[in-house]
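Hi everyone, thanks for making time for this. Please bring up the viewer, and let's walk through this one together.

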Amino acid sequence: MLELHNGSLHVNTILADWYAKISDKNYGAFIPFVGIVRDEDGIEGLSFDIYEPILNSWFNAWQEKAKVQNAYLLMAHSRGDVPNHTSSYIAAVVSPKRKVALKMINDFVEDFKANAPIWKYDLVDGKRVYAKERSHVLSGAGLLKADA
């Protein structure tokens, strides 16, 4: 399940909804990761642009990897502005076995940071400033690559 939200994520609500959906499915592990926007370098927050067709393909490929291990992935991400000290990203792995879930959440989050088609901007003085130094060029992105 992939969810996109405008603005900050409502962490407690999202995690509670996910838990309610999976709690009676006989999984043994529900391993969430919550990303929180840090107050650093004078930014007021972050802002995100998402290219949904590629994100959906990327996520579906991961869902297939998870299925092979009898696991399931959940992800929520923000569009637009997200102030400091709020969440822009939640991911979770559900699996019958904790070791599968623990390894998969790490691999999933790392691959997300490197390959998901989401462009990040710093919020400075109420303006979006492309965070080029913290961005990755996506393989095959062509014209979808954000410019400084």
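This is a predicted model: local features need pLDDT of at least 70, side-chain atom pairs count only at pLDDT 80 or more; totals for chains, interfaces and linings use all residues.

The protein chain has a mean pLDDT of 89, and 89% of its residues reach 70 or more. One stretch to treat with care is residues 142–148, where pLDDT stays under 50. For that stretch the model has 11 contacts beyond four places in sequence.

Now the layout. The protein chain holds 3 helices and 7 strands. Reading from the N terminus, the order of elements is β-α-β-β-α-β-β-α-β-β. There are 148 residues in the protein chain, and 41% of them count as buried. How far apart in sequence are the residues that meet? Taking contacts between residues at least 6 apart in sequence, 70% join residues at least 24 apart.

Let's go to helix α1, residues 11–22. From its first C-alpha to its last, α1 reaches 17 Å, close to the 16 Å expected for its 12 residues at 1.5 Å a residue. Which residues of α1 are buried? They are Ile14, Leu15, Trp18 and Ile22. Looking down the axis of α1, these buried residues fall within an arc of 95°, so they line one face of the helix. As a reminder, an α-helix has 3.6 residues a turn, so residues three or four places apart point the same way. On the other side of α1 you'll find Asn12 and Ala20, which are exposed. And what does the buried face meet? The buried residues of α1 pack against β1, β2, β4 and β5.

Is Leu9 buried or exposed? With a relative accessible area of 6%, Leu9 is buried, because buried here means under 20%. Leaving out residues up to four places away in sequence, Leu9 touches Ile14, Ala76, His77, Ser78, Ser87, Ser88, Tyr89 and Ile90.

Next comes helix α2, residues 52–68. Its 17 residues should span 24 Å at 1.5 Å a residue, and the end C-alpha atoms are 24 Å apart, which agrees. The buried residues of α2 are Leu55, Trp58, Phe59, Trp62, Gln63 and Ala66. Around the axis they cover an arc of only 140°, which puts them on the same side of α2. Covering them are elements including β1, β3, β4, α3 and β6. Turn to the face pointing away from the buried side, and there are the exposed residues Lys67 and Val68. Just after α2, Asn70 takes a positive phi of about 60°.

In soluble globular proteins, nonpolar side chains tend to be buried together. Here the largest nonpolar core has 27 residues, and Trp58, Leu73, Met75 and Phe108 touch the most other members. At least two residues of this core come from each of β2, β3, α2, β4, β5 and α3. Which element gives the most? That is α3, with 6 residues. Click on Leu73 and, beyond its neighbours within four places in sequence, you'll see contacts with Met1, Phe59, Trp62, Gln63, Ala66, Ala92, Val93, Met104 and Phe108. There is also a second, separate core of 10 residues, and Leu9 is back again there, along with Ile14, Leu74 and Ala76 among its members.

Last stop: strand β6, residues 118–124. Of its 7 residues, 6 are buried, so β6 is largely enclosed by the rest of the structure. β6 pairs with β3 in the antiparallel sense over 6 bridges, and Leu46 has Asp122 in β6 as its bridge partner. β6 also pairs with β7, residues 127–130, in the antiparallel sense over 4 bridges. There, the bridge partner of Val124 is Lys127 in β7. These two strands, β6 and β7, form a hairpin with 2 residues between them, and Asp125 in the turn has a positive phi of about 50°.

That's my tour, and I'm happy to go back to any part of it.

Note on methods
Residues are numbered from 1 along each chain as its sequence is written. Side-chain values use heavy atoms; hydrogens and water are left out. pLDDT is the predictor's confidence in each residue, from 0 to 100. Contact means heavy atoms within 4.5 Å. The expected span of a helix is 1.5 Å times one less than its number of residues. Buried means under 20% relative accessible area, exposed over 50%, partly exposed in between (1.4 Å probe, protein chains only). The arc is that of the directions from the helix axis to the C-beta atoms. A nonpolar core is a set of buried Ala, Val, Leu, Ile, Met, Phe, Trp, Tyr and Cys residues joined through side-chain atoms within 4.5 Å. Two strands pair if DSSP finds at least two bridges between them.
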